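The entries below follow the order in which I worked.

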Amino acid sequence: ANPRFAAQKTRFFTLKIELVLAQAKEAAAEDLVIGAWPKDPQAAKETSVLIHNHYLQRNNQAASLAWCKRLLDLGPALPEDLRNQALGWRLTSALSLADQAAALAGMDDIIRLMSPEEGTKLLQQTIGDLINAGQHALAVPLIAHLTEVAPEATPYRQLAVLLNMRRVLATADWAHYTDAFNACVAQLPDAHLFPLTRQIYSSLLKNNRKDLVEQSSKFIVFSAGVKTNSVNLAARQWVECGVSTDKKLLPERLEALLKANVSPVQVGSLFDRYFYEMVNDLDIIRSLCSLGERILAVCSDEATVSNLKVKILDGAFIVENYDLAVQMLEKRIPGKDQLWHDMSLPKVKAHRALAQKNPREAVKYFREFMDCWINSKQEEEYDPTSGIAYSKEWILGRNANRIANILDSIPDKAEADKAREEAKNYFRTAIKKAAADAEATKLIKEETKDMGL
């Protein structure tokens with residue numbers, strides 16, 4: 001060989017193989033490439049890919065399958081990267097030919113020769129493509145074989161249950177859904193189970209299988225243990241399923257989550273999410289207040305504790321458990337400032353006095369509440385149960401009118417008339433402030449319709 005062209009040796013060999021292939025002499029080209037491996041592995045490597053691409057362009061999967069076998073028979077002489085490519089080519093060609101035996105043998109070699117990381121990536125892509133393409137008859141035996149040969153708690157076994165779950169969802173094979181799902185929960189780590197269950201819940205809802213969402217989420221809550229993200233997601237789904245069927249299930253399911261050692265932060269979050277939806281059912285609110293105390297007993301997260309205490313306080317007020325509300329306020333609610341406490345405590349004490357048939361004391365505390373508002377810089381208060389922002393004057397007018405009504409009941413007409421005139425003055429300003437809000441205007445007009453405003 002001319003040493004002047006040594007640097008072009010690989011290029012010349014590639015051109016030679018291209019010429020032989022152009023003459024449809026594939027067998028000769030293969031023999032040349034196989035023979036080049038001991039002498040010029042770089043040239044052999046490049047032209048090995050060239051021959052594979054030649055067969056693919058002609059959709060000659062049988063020839064491709066045979067070529068991959070010849071390459072893999074080289075054993076250690078074949079570089080690892082090309083070996084892995086050839087393993088993938090062989091599996092793809094076998095599946096294109098619907099040659100199940102060759103495909104299963106190819107899977108065995110992938111598991112035996114490739115690293116678990118590379119092997120699972122290849123099999124997930126290949127079998128996943130079959131499922132996406134609706135070629136389930138090809139996918140099923142591969143998944144079954146993978147399940148059979150892969151040891152438990154290995155990436156390959158995890159891949160098997162994942163692919164089987166995908167197939168079940170793709171074919172709506174509900175008869176095998178439960179076993180497939182439970183296997184995923186048992187085999188997959190939280191990092192894989194969490195995103196999978198999100199997809200599963202979405203798919204089930206699209207297929208109108210809310211019953212399986214409830215069944216599956218409940219199973220994870222009570223069996224997945226330390227798989228925290230998956231358990232938290234399942235808890236949300238399970239509670240949502242229950243509440244959408246019957247709101248009275250909310251306290252029961254939150255209690256069950258707490259007993260199942262679901263994070264009190266998660267239980268508290270669900271408590272917080274649904275609490276105000278239940279305000280029209282006093283029995284549910286009573287149950288939630290009681291449950292909230294049990295959550296507080298095991299929760300150390302400051303934000304959760306603060307949110308829960310506010311909800312329990314509101315609940316105590318809603319069900320007229322004023323002693324509990326006063327007790328909580330005197331102990332202070334974390335995260336709430338002094339002004340908030342100064343306003344809240346006299347308001348609750350005023351309502352307690354009314355409940356105890358002590359009108360003079362009620363008037364006293366309502367006045368204290370009003371004084372706090374008058375002296376504060378706060379201009380409005382948002383009510384989460386109605387969605388309306390009440391201006392300072394609206395709140396003051398409402399309370400002055402309440403005082404007038406209480407004084408009427410004593411009776412103390414002179415003081416009642418003064419309070420009612422005071423209320424009218426506040427309401428006049430409040431009506432002006434609410435002018436841009438149709439809902440607020442409608443409500444305040446309803447409240448003041450008997451006042452001649």
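Which residues is Leu122 in contact with, leaving aside its neighbours within four places in sequence? I found Gly88, Ile110 and Met114, where contact means heavy atoms within 4.5 Å. Before going further I noted that this is a predicted model, in which local features need pLDDT of at least 70 and side-chain atom pairs count only at pLDDT 80 or more, while totals for chains, interfaces and linings use all residues. I also noted that residues are numbered from 1 along each chain as its sequence is written, and that side-chain values use heavy atoms, with hydrogens and water left out.

**Entry on α7.** I placed Leu122 in helix α7; helices here are DSSP runs of H or I with at least four residues, strands are runs of E with at least two, and both are numbered from the N terminus. Leu122 and Gly88 are 34 residues apart along the chain, yet I read 7.0 Å between their C-alpha atoms. I then followed α7 to helix α8 (residues 136–149) and found the two packed at an angle of about 145° with their axes 8 Å apart, the axes being lines fitted to C-alpha atoms over the stretch in contact and the angle running from 0 to 180 degrees between N-to-C directions. Their crossing is left-handed, a term for a near helix turned anticlockwise from the far one by less than a right angle. At this contact, Leu123, Ile127, Leu130 and Ile131 of α7 meet His136, Leu138, Ala139, Leu142, Ile143 and Leu146 of α8. By class I have nine nonpolar residues, one polar and no charged, with Ala, Val, Leu, Ile, Met, Phe, Trp, Tyr, Cys and Pro taken as nonpolar, Asp, Glu, Lys and Arg as charged, and the others, Gly among them, as polar.

I looked up the largest pocket next and noted a volume of about 1100 Å³. A pocket here is an open set of points on a 1 Å grid over the protein atoms alone, where a 1.4 Å probe fits and protein lies on both sides within 12 Å along at least five of seven lines, and a lining residue has an atom within 4 Å of a point. Grid points are joined across faces, edges and corners, and the volume is the space filled by probe spheres set on them. The lining of the largest pocket has 29 residues, and those nearest its centre are Asp314, Phe317, Lys347, Glu381 and Asp383. Two or more lining residues come from each of α17 (302–318), α19 (338–355), α20 (359–375), β1 (380–383) and α21 (392–409), and α19 has the largest share with seven. I sorted this lining into 16 nonpolar, five polar and eight charged residues.

The second largest pocket holds about 300 Å³ of space. I found 14 residues lining the second largest pocket, with Gln124, Leu159, Leu162, Leu188 and His192 closest to its centre.

**Entry on His341.** I found His341 in helix α19, in contact with Leu329, Arg332, Ile333, Lys336 and Pro346 when neighbours within four places in sequence are left aside. His341 counts as buried because its relative accessibility is 5%, where buried means under 20% relative accessible area, exposed over 50%, and partly exposed in between, with a 1.4 Å probe and protein chains only.

**Entry on the backbone.** Most residues other than glycine have a negative phi, and most peptide bonds are trans. Against that I noted Lys357, with a positive phi near 60°, in the loop between α19 and α20. At 72% relative accessibility, Lys357 counts as exposed. Ala24, in the loop between α1 (9–22) and α2 (26–36), has a positive phi near 65° and counts as exposed at 53% relative accessibility. I also recorded a cis peptide bond between Ile410 and Pro411, with omega about 0°; Pro411 is in the loop between α21 and α22 (413–433).
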